[in-house]
Amino acid sequence: MTSSAAQVLLRRLEERGESLAAAESLTGGLVAAELTSVPGASRCFRGSVTAYATPLKRDVLGVDGALLDERGAVDPDVAQAMAVGVRRVLGADWGVSTTGVAGPEPQDGKPVGTVFVAVSGPDGVRKVAELRLNGGRADIRKETVRSLLELLSGELGENARAQDTEQNGGT
């Protein structure tokens, strides 16, 4: 079953002529699965990198190794660097990322349910949201996907309104 949020998001990207790439850790491919469940997603979804192991965040996505050593993978700056990195690696206009602790055990000193989702876009757009989620592993992963799509949708909506204002004379 396709998500209406994913459908709306992909339609908005297509209308704007923009592309999207995802970097996933705790979601392990669920963001890509949600997006690719929408018929025609390939018109704007470039692909994803599932960097589940911390070294892949450094080696594939270009996250600073010192940052990972100092703070671990569950960190807002790591989430942002993952979004920037996947944008660069996959040549997309927009990059999104997920990193966090789905459980069952804490990680890097962070409790289960600590999640960061990030967006990186054109014109220097960068946004990170910290989530404190409850429930089991599956619930945390599912809510992370929903929250990430909502974060990106908000950024696309704001940018779309700004572009409309500029095109319509500035008010």
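1. A salt bridge is taken here as a side-chain nitrogen of Lys or Arg within 4 Å of a carboxyl oxygen of Asp or Glu. The model is a predicted one, in which local features need pLDDT of at least 70 and side-chain atom pairs count only at pLDDT 80 or more, while totals for chains, interfaces and linings use all residues. Residues are numbered from 1 along each chain as its sequence is written, and side-chain values use heavy atoms, with hydrogens and water left out.

2. A search of the whole structure gives 10 salt bridges, one of which joins the side chains of Asp59 and Arg58 at 2.7 Å, N to O. Asp59 is exposed, with a relative accessible area of 52%, whereas Arg58, at 38%, is partly exposed; buried means under 20% relative accessible area, exposed over 50%, and partly exposed in between, with a 1.4 Å probe and protein chains only.

3. Asp75 and Arg71 also form a salt bridge, their closest N and O atoms being 3.2 Å apart. Asp75 is buried at 7% relative accessible area, while Arg71 is partly exposed at 32%, and both belong to a network of salt bridges that also links Glu70 and Asp77.

4. In helix α6, Arg146 and Glu150 lie 4 residues apart, about one turn of the helix, and their side chains meet in a salt bridge of 2.7 Å, N to O. Arg146 is partly exposed, with a relative accessible area of 41%. Helices (H or I, at least four residues) and strands (E, at least two) are DSSP runs, numbered from the N terminus.

5. Helix α1 carries the buried residues Ala6, Leu9, Leu10, Leu13 and Arg16. These residues lie on the same side of α1, because they cover an arc of only 125° around the axis, the arc being that of the directions from the helix axis to the C-beta atoms. The exposed residues Ser4 and Glu15 are on the face of α1 turned away from its buried side, and Gly17, which follows the helix, has a positive phi near 70°.
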